[in-house]
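Open the structure in your viewer and keep the selection panel at hand. The stops below go in order.

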Amino acid sequence: MKSRKEPLSLDELVRLVQSTRKYSTLSPSLVREITAEEASKRTKPDDIIKHARSRLHQAAAAYFTGTPQYDTWLKELAEAGSDKTRVREVCLEVMRRHASTNERLEYLSEFYSAIARHIGKVSSVADMACGLNPLAIPWMDLDAGCQYLALDVYSDMASFFESVFPILGVDGRAVVGNLAEPGEEVGSEFDVVFLFKTLPCLEQVRKGSSLRLLRRLRARFMAITYPALSLGGRDKGMEEFYDAQLANLLDELGWSAKRTDFPRETLYIVENPARL
Ligand SMILES: C[S@@+](CC[C@H](N)C(=O)[O-])C[C@H]1O[C@@H](n2cnc3c(N)ncnc32)[C@H](O)[C@@H]1O
């Protein structure tokens with residue numbers, strides 16, 4: 001990268017951050033927010049761009065085990081077509097490519113059974129900061145033709161899911177969004193919103209994002225998870241930290257939650273009393 005020393009406008013900095021393929025498909029709102037914050041801490045354009053990219057990497061790209069191969073994955077799913085066993089096999093293979101879904105695979109069926117036990121069958125789901133989790137739809141036991149909204153920060157991921165949803169038998173829509181953005185539209189009313197391992201990421205972008213987001217969600221149930229794992233296995237300190245964090249949020253909102261522990265994450269089912 002040619003060294004740049006003169007000050008640049010925020011628009012120019014954002015354009016430069018997004019000028020390589022890896023960052024080009026990210027939500028412009030997220031890129032702008034993080035670049036603006038880095039520009040408020042340092043002056044050299046090259047430093048701003050480097051730090052902004054590093055934070056964007058941590059927020060999103062770091063979860064992938066390599067460059068996502070959306071075209072190949074879509075081709076394999078399309079070839080599997082109506083062969084449900086093969087569709088599941090391909091979904092499992094692809095979910096291994098993202099750390100969050102990869103970690104969940106060993107207890108995937110138990111995880112969705114626990115959610116279904118609490119909330120019953122649903123006909124609309126919003127999967128917020130979804131990563132590759134919509135590929136777990138075959139394990140979710142959703143109503144036929146269930147509406148499924150998938151939101152994350154990547155436009156190429158959204159295009160992939162738009163093509164995949166008909167194969168998975170849901171009435172799906174995939175959008176690019178920045179959930180840390182206070183005014184970001186989070187959709188209409190849903191039976192359940194999934195917020196899996198997402199709130200800590202949003203807090204890193206902008207403090208207070210979790211509470212603002214929970215206030216804006218219009219869903220009867222929320223299935224929220226937090227990571228429970230460090231390198232050594234379930235981490236008591238981490239669990240207690242997040243448990244207290246969620247308890248504070250729910251206190252603010254006057255909501256309560258039912259907790260279920262899984263080997264690598266803790267699931268909380270929250271019922272929104274305003275929607276009973
Ligand atoms: C820990 S992963 C969880 C993925 C998925 N929910 C799961 O558990 O399988 C965090 C996800 O949040 C997304 N993300 C990060 N910052 C975001 C933001 N500001 N708005 C929306 N999504 C965001 C990342 O791209 C990533 O897919």
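The tour starts at the ligand and then moves to the cavity.

This is a predicted model, where local features need pLDDT of at least 70, side-chain atom pairs count only at pLDDT 80 or more, and totals for chains, interfaces and linings use all residues. Residues are numbered from 1 along each chain as its sequence is written, and side-chain values use heavy atoms, with hydrogens and water left out.

**Stop 1: polar contacts.** Look for pairs of N or O atoms within 3.5 Å.
- Asp152: a polar side-chain atom is 2.6 Å from an oxygen atom of the ligand.
- Asn178: a polar side-chain atom is 2.8 Å from a nitrogen atom of the ligand.
- Ala129: a polar backbone atom is 2.7 Å from a nitrogen atom of the ligand.

**Stop 2: the cavity.** Now hide the ligand. A cavity is a set of points, on a 1 Å grid over the protein atoms alone, where a 1.4 Å probe fits but cannot get out; lining residues have an atom within 4 Å of a point. Which residues lie nearest the centre of the largest cavity? They are Ala59, Ala129, Asp152, Thr198 and Cys201, out of 29 lining residues.

Conventions: A polar contact is a pair of N or O atoms within 3.5 Å; within protein, one must be able to donate a hydrogen and the other to accept it, and residues adjacent in sequence count only if both atoms are side-chain atoms. On a 1 Å grid over the protein atoms alone, a cavity is a set of points where a 1.4 Å probe fits but cannot get out, and a pocket is an open set with protein on both sides within 12 Å along at least five of seven lines; lining residues have an atom within 4 Å of a point.
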